[in-house]
Amino acid sequence: MEEGSSKPSNSLWDKIRNLKHITMEGYKRKPISHWILLALSIVAMLVAFPASSLLTRVYYSNGGASKWIISWVAVAGWPLTALILFPSYFFLDNSPTPLTFKLLVSYIVLGFLSAADNLMYAYAYAYLPASTAALLASSSLVFSALCGYFIVHNKLNASMVNAIVIITAAMAMIALDSDSDRYDYVTDHQYTMGFIWDILGSALHGLIFALSELVFVKLMGRRSFHVVLEQQVMVSFFGFVFTTIGVILNNDFEGMASEARSFKGGKSSYILVLVWGTITFQLGVLGGTAVLYLASTVMAGVLNAIRVPITAIAAVILLHDPMSGFKILSLLITFWGFTSYIYGNSSASSEDSPS
């Protein structure tokens with residue numbers, strides 16, 4: 001937009017040109033360390049999250065059976081995030097956020113919801129191929145948008161609504177093609193329950209995302225990198241506590257010894273799958289947190305869009321997941337939905353920013 005012009009431009013070309021100008025100005029202001037950290041965070045998201053999903057499927061296909069153990073693995077790596085957070089208090093002059101009663105309750109509630117969410121996804125991966133589970137999990141974008149609209153009052157425009165419809169259609173397409181990728185040892189009822197648990201987990205994930213944003217806005221009042229890490233550490237810690245209680249009550253810690261003995265590849269393979277599952281999940285979470293802070297929610301959305309086909313393709317190549325024509329079409333439609341949502345989100349952001 002030219003200086004002195006009072007009429008805002010709504011053309012696609014002007015939006016792209018304006019966004020490019022803002023982006024280039026941002027590039028000039030950022031130090032090289034910023035871009036190195038962002039690049040590492042992107043790699044963490046695109047490698048660690050798919051690896052974590054594949055390792056979960058490897059656990060089940062090689063003899064593992066416990067849903068609680070996989071849920072526990074997803075939060076057992078919370079000290080890794082704490083190891084990054086605590087030094088910032090001593091070397092970067094950051095001060096801890098005061099722990100009020102409301103903030104503590106929000107951490108406990110989010111931790112409980114996170115534990116429930118991980119358990120739902122564990123059931124999904126127990127009965128579904130990794131490629132199918134990853135595609136269904138992409139519906140979390142739909143629930144994030146809806147929960148953000150109703151809880152945090154985020155804007156929804158036509159492109160975002162279009163994305164919601166498109167991704168929903170892609171999920172329905174997978175449901176219609178359920179017979180093509182069901183494992184022989186999985187019953188129709190188990191496959192259906194895996195499908196339902198995946199969708200419910202995605203819905204709960206969207207709720208957690210909206211509630212987390214609400215905590216930032218209402219209780220923390222600030223959004224710096226160490227504050228984001230604080231929330232991640234506390235939520236993961238309470239998720240770890242709740243999940244550990246579930247594992248103990250279900251006697252799954254005692255069952256790990258027998259699982260390890262019967263695991264394909266032996267005890268060492270069993271331990272490696274769980275350890276690397278813990279590490280990769282936390283690296284993915286850290287990468288996603290860093291991208292949100294260093295870049296934007298749009299960039300995180302782009303990477304989430306890319307992460308879905310990476311997981312699906314890797315599952316087909318490494319785990320020999322079945323890939324029917326319907327699933328390929330669903331993958332393409334899901335990617336289209338992500339693209340529509342990203343464009344809608346960037347348009348809403350540009351409308352909110354000052355000229």
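Predicted model: local features only at pLDDT ≥ 70, side-chain atom pairs only at ≥ 80, totals over all residues.

Directly after α4 comes D93, a residue with a positive phi, near 60 degrees. Helix α4 covers residues 78–91, 14 residues in total, and spans 21 Å from its first C-alpha to its last, close to the 20 Å expected at 1.5 Å a residue.

Which residues of α4 are buried? They are W78, T81, A82, L85, S88 and Y89. These residues lie on the same side of α4, because the arc they cover around the axis is only 120 degrees. L83, F90 and F91, on the other side of α4, are exposed. The cover over the buried residues of α4 includes α3 (67–75), α10 (225–249) and α12 (266–294).

The largest of them has 48 residues, and the most contacts inside it belong to Y59, Y60, I69, Y270 and L274. Helix α8 (residues 158–176) supplies the largest share of this core, 9 residues. Leaving aside residues up to four places away in sequence, I69 touches Y59, V247, D252, F253, M256 and L274. Another core, of 10 residues, lies apart from the largest one; Y107, I208, V215 and F238 are among its members. In soluble globular proteins, nonpolar side chains tend to be buried together.

Y123 and W197 form another tilted pair, 5.7 Å centre to centre and with 35 degrees between the planes. Here the link runs from helix α5 (residues 101–127), which holds Y123, to helix α9 (residues 188–220), which holds W197, 74 residues apart. Y123 counts as partly exposed because its relative accessibility is 29%; W197, at 26%, also counts as partly exposed. Ring pairs also link W72, W78, F237, F238, F240 and F253 into a cluster.

Confidence comes last. The mean pLDDT of the chain is 83, with 85% of its residues at 70 or more. Among the elements of the chain, α3 has the highest mean pLDDT (96), and helix α1 (residues 12–29) the lowest (52). Over residues 1–9 the pLDDT is below 50, and this stretch has 5 contacts in the model beyond near neighbours in sequence.

Notes:
Residues numbered from 1 in each chain as written. Heavy atoms only, no water. Helix = DSSP H or I, 4+ residues; strand = E, 2+ residues; numbered from the N terminus. Expected span 1.5 Å × (residues − 1). Buried < 20%, exposed > 50% of the residue type's maximum accessible area, 1.4 Å probe, protein only. Arc of directions from axis to C-beta. Contact = heavy atoms within 4.5 Å. pLDDT = per-residue confidence, 0-100. Core = buried A, V, L, I, M, F, W, Y, C linked by side-chain atoms within 4.5 Å. Phe/Tyr/Trp six-rings, centres within 6.5 Å; stacked < 30°, edge-to-face > 60°.
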